[in-house]
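This report describes the helical packing, charged pairs and backbone features of a single model.

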Amino acid sequence: MSTPRVTPGGLRELGPINWAVVRAMSLATGTDNAHIFATLGRSKGLFRGWMHFSSRMMPLGELSRKESEMIIIRVAHLRECDYELDHHRRLGAQAGINPKLYAQIVEGPDAGWGDREATLLRATDEMIAGRDISDDTWSALRRHLTERKAIAFVMLVGQYDMLATTIGVLRVQRDEF
């Protein structure tokens, strides 16, 4: 990836609140400086609003952590977002996604999954490819998810698709672990 379009900020650029949040999030993710947070933190209040919103997708979302990580990894793979793959390979492992499952997620919905997991991955693929979910896939999704969880699913895919776009456009550099 080329040079960052917006460099990660320090205390001066982030302000004390965002700097403290970035420090805490960096430690939680196992790096000295999580570039995505140090970059987006430069947007001041927007960053804090996004943090609140994104935390409602993961880790405090409606879906299980394992399913959320499966979906996030699939979005990151489809969007070729190495930054997100780096982080969610690690977070996914904490949620029970071992290397075999990780490879299966990357392979996709036809990689020998049960109906629920295959449906979640297929719906993810459809959203990323066509910005919609077919009626057949939606019906399958609703067999597995309540209305509330189906809404949360759509928002989770959309959040990580948007994040992959943001990372790419801003040329956020991968973190060192």
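The model is a predicted one. The residues of H5 that are buried are Tyr83, Glu84, Leu85, Asp86, His87, His88, Leu91 and Gly92.

H5 comprises 13 residues, and the distance from its first C-alpha to its last is 19 Å, close to the 18 Å expected at 1.5 Å a residue. The helix bends by about 25 degrees at histidine 88, a residue that is itself among the buried ones. Just after H5, glycine 96 adopts a positive phi of about 100 degrees.

In soluble globular proteins, nonpolar side chains tend to be buried together. In this model the largest nonpolar core has 48 residues, and those with the most contacts inside it are Ile36, Phe37, Ile71, Trp113 and Phe153. At least two residues of this core come from each of H1 (11-29), H2 (35-40), H3 (45-55), H4 (65-78), H5 (82-94), H6 (99-107), H7 (115-130) and H9 (147-170). H9 gives the most, with nine residues.

Isoleucine 71 illustrates the contacts made by one of these core residues. Leaving aside neighbours within four places in sequence, isoleucine 71 is in contact with Leu63, Leu120, Thr124, Phe153, Leu156 and Val157. Of these partners, Phe153 is also listed among the core residues with the most contacts.

## Salt bridges

Side chains of opposite charge can pair when their charged atoms come close. The structure holds 10 salt bridges. In one of them, arginine 116 pairs with glutamate 67, and the closest N and O atoms are 2.5 Å apart. This pair links distant parts of the chain, since arginine 116 belongs to helix H7 and glutamate 67 to helix H4, 49 residues apart. Arginine 116 is partly exposed, with a relative accessible area of 25%, whereas glutamate 67 is buried, at 10%.

Aspartate 161 takes part in two further pairs. With arginine 79, the closest N and O atoms are 2.4 Å apart; this pair joins the loop between H4 and H5, where arginine 79 lies, to aspartate 161 in helix H9, 82 residues apart. With arginine 131, the closest N and O atoms of aspartate 161 are 3.2 Å apart; here arginine 131 lies in the loop between H7 and helix H8 (135-144), 30 residues from aspartate 161. Aspartate 161 is buried, with a relative accessible area of 11%. Arginine 79 counts as partly exposed at 27% relative accessibility, and arginine 131 is exposed, with a relative accessible area of 56%.

## The two faces of helix H8

Thr137, Ala140 and Leu141 are the buried residues of H8. Because they cover an arc of only 100 degrees around the axis, they lie on the same side of H8. An α-helix has 3.6 residues a turn, so residues three or four places apart point the same way. The buried residues of H8 pack against H7 and H9. The face turned away from this buried side carries the exposed residues Asp135, Asp136 and Arg143.

## Backbone features and loops

Most residues other than glycine have a negative phi, and most peptide bonds are trans. Arginine 131 has a positive phi of about 60 degrees although it is not a glycine. Arginine 171 likewise has a positive phi, near 60 degrees; this residue is found in the segment after H9 and counts as partly exposed at 22% relative accessibility. The peptide bond from methionine 58 to proline 59 is cis, with omega near 20 degrees, and proline 59 is located in the loop between H3 and H4.

Glycine 30 lies in the loop between H1 and H2 and is partly exposed, with a relative accessible area of 38%. Not counting residues up to four places away in sequence, glycine 30 touches Arg90 and Phe177. The C-alpha atoms of glycine 30 and serine 68 are separated by 20 Å, the two residues being 38 residues apart along the chain.

Notes: Residues are numbered from 1 along each chain as its sequence is written. This is a predicted model: local features need pLDDT of at least 70, side-chain atom pairs count only at pLDDT 80 or more; totals for chains, interfaces and linings use all residues. Side-chain values use heavy atoms; hydrogens and water are left out. A nonpolar core is a set of buried Ala, Val, Leu, Ile, Met, Phe, Trp, Tyr and Cys residues joined through side-chain atoms within 4.5 Å. Buried means under 20% relative accessible area, exposed over 50%, partly exposed in between (1.4 Å probe, protein chains only). Helices (H or I, at least four residues) and strands (E, at least two) are DSSP runs, numbered from the N terminus. Contact means heavy atoms within 4.5 Å. The expected span of a helix is 1.5 Å times one less than its number of residues. The bend at a residue is the angle between axes fitted to the seven residues ending there and the seven starting there. A salt bridge is a side-chain nitrogen of Lys or Arg within 4 Å of a carboxyl oxygen of Asp or Glu. The arc is that of the directions from the helix axis to the C-beta atoms.
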